[in-house]
Amino acid sequence: MALPQELFYTKSHEWVSFDNGIATIGITDFAQHQLSDLTFVELPDNGTTVSSGQEVAVVESVKAAADVYAPISGEIVDINNSLEDDPEIVNRDAFGEGWIFKINVSNESEFDELMDADSYQEICPES
Amino acid sequence: MDSYAVIFKKPIDYSEALQYQYRLLNARQNDEIPDMVVLLQHKPVITIGNRGRKNYLLKNLDEYKELGIDIHHVERGGDVTFHGPGQWVLYPIMKLGKKNVDSHGYLFNLEEISIRVLDDFGIKGYRKKNKSGAWTDCGKIAAIGFRLKKWVTFHGMSFNVLDRLYGFETIVPCGLENDKITCLERLIGYDDYMMEKVGNRILHHFANVCDRPLKYFFDDNHIPEFIKKLKPPLN
């Protein structure tokens, strides 16, 4: 699957899109593929303040569990509740409908720490 | 850089091995050590994964105590399983994403290792749809449950070698109420060197399947200092 060029990426395989001060975060296609079909997503609470690098969510398949980290600091302002009923949305559409949470970004300069698609591609094989 | 395999010959207490895994995990996240794989046997223990349900335990805590079986809740994927002497446990502590083979999916690769080991001994192993692990016509032989933190793997896979599976009779393994558990000894008969042979084949196939050429270290000697200090106490 081609990596969306407009997104930003982290070493821990999250993707980030940015719109009007709000960052939307999910896991990459590579990441969902490592876990196989998801059975559960542990979502954070709205209103939680998180700092960059903090564990925020957990994605689980039948045999695996992985932490999802906040790529940037801020307040959680939205979570993808539909993942509670149908976690496999992440497998089907990791970069779209499978987003996990949104952060009201407190420090935009942290965006400099994120990678663009080309840099992410270098640390991640094609899947 | 080569990856390191550390092999323990004597069974290790589950909590000690878990502490060891955490130390390696932390060191791997910080790039202080290369990708590693630990091969060991546990003292008898039942572990319950994230989604594990207690009603899969068929005995009460006193009865488990009497049988000499410890019980641990662990933050890996997967359900309830048993570990004990005669079963190899493989704990890869590696950063996923650096190698092309990682794109096959880590679960797929772990299963592949077991299937190739079975093939070495003339047994046909296979995957089952919607059930992880490695299977034979006589039942499930390898179980998988892992966790990723910052995309470094820990926990992993167990492979039943000798016919000492009594612990499985006290649980509903992995929630599989109608599936049998088996081991290599039941399939091809006993051999004095069976554990050693299977251990070697597991590491051999791990190196190939995961594309991580291995340098071997044994519990009692030659472990590099920086890994030694992470090591669990040996009995």
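Two strands pair if DSSP finds at least two bridges between them. With that in mind, please note that this is a predicted model.

**A sheet in chain B**

- Three strands of chain B form an open sheet of 3 strands in the order β4-β3-β5, and the pairing is mixed.
- The edges are taken by β4 (70–73) and β5 (80–83) of chain B; each has a single partner strand, so one side of each has no neighbour in the sheet.
- From one strand to the next, the twist averages 20°.
- Strand β3 (residues 45–48) of chain B runs parallel to β4(B), and 4 bridges pair them.
- Within this pairing, B:T47 has B:H72 of β4(B) as its bridge partner.

**Two helices that pack in chain B**

- Helix α3 (residues 106–120) and helix α5 (residues 194–209) of chain B pack with their axes 9 Å apart, at an angle of about 135°.
- Because of that angle, α3(B) is oblique to α5(B).
- The crossing of α3(B) and α5(B) is right-handed.
- On the α3(B) side, the contact is made by B:N109, B:E112, B:I113, B:R116, B:V117 and B:D120.
- On the α5(B) side, B:V198, B:R201, B:I202, B:H205, B:F206 and B:V209 take part.
- The residues of this contact between α3(B) and α5(B) divide into 6 nonpolar, 2 polar and 4 charged.

**A closer look at B:F8**

- You will find B:F8 in the loop between β1 (3–7) and α1 (14–29) of chain B.
- B:F8 counts as buried because it has 20 C-beta neighbours inside 10 Å.
- Leaving out residues up to four places away in sequence, B:F8 touches B:L40 and B:D219.
- B:F8 and B:H42 are 34 residues apart in sequence, and their C-alpha atoms are 9.8 Å apart in space.

**Where chains A and B meet**

- In this interface, 19 residues of chain A are in contact with 23 residues of chain B.
- On the side of chain A that touches chain B, the elements giving two or more residues are α1 (29–35), β6 (55–61) and β7 (64–69) of chain A.
- β7(A) gives the most to that side, with 4 residues.
- The chain A residues on that side divide into 8 nonpolar, 7 polar and 4 charged.
- β7(A) and strand β9 (residues 139–149) of chain B run parallel and are joined by 3 bridges.
- A:A65 stands opposite B:R147 in β9(B).

How values were computed
Residues are numbered from 1 along each chain as its sequence is written. Chains are lettered from A and ligands numbered from 1 in the order in which they are written. This is a predicted model: local features need pLDDT of at least 70, side-chain atom pairs count only at pLDDT 80 or more; totals for chains, interfaces and linings use all residues. Axes are lines fitted to C-alpha atoms, for helices over the stretch in contact, and angles run from 0 to 180 degrees between N-to-C directions. Angles under 35 degrees count as roughly parallel, over 145 as roughly antiparallel, 65 to 115 as roughly perpendicular and the rest as oblique. A crossing is left-handed if the near helix is turned anticlockwise from the far one by less than a right angle, and right-handed if clockwise. Two residues are in contact if their C-beta atoms, placed from the backbone, lie within 7 Å. Ala, Val, Leu, Ile, Met, Phe, Trp, Tyr, Cys and Pro count as nonpolar, Asp, Glu, Lys and Arg as charged, and the others, Gly among them, as polar. A residue is buried if 20 or more other C-beta atoms lie within 10 Å of its own, exposed if 12 or fewer, and partly exposed in between; C-beta atoms are placed from the backbone.
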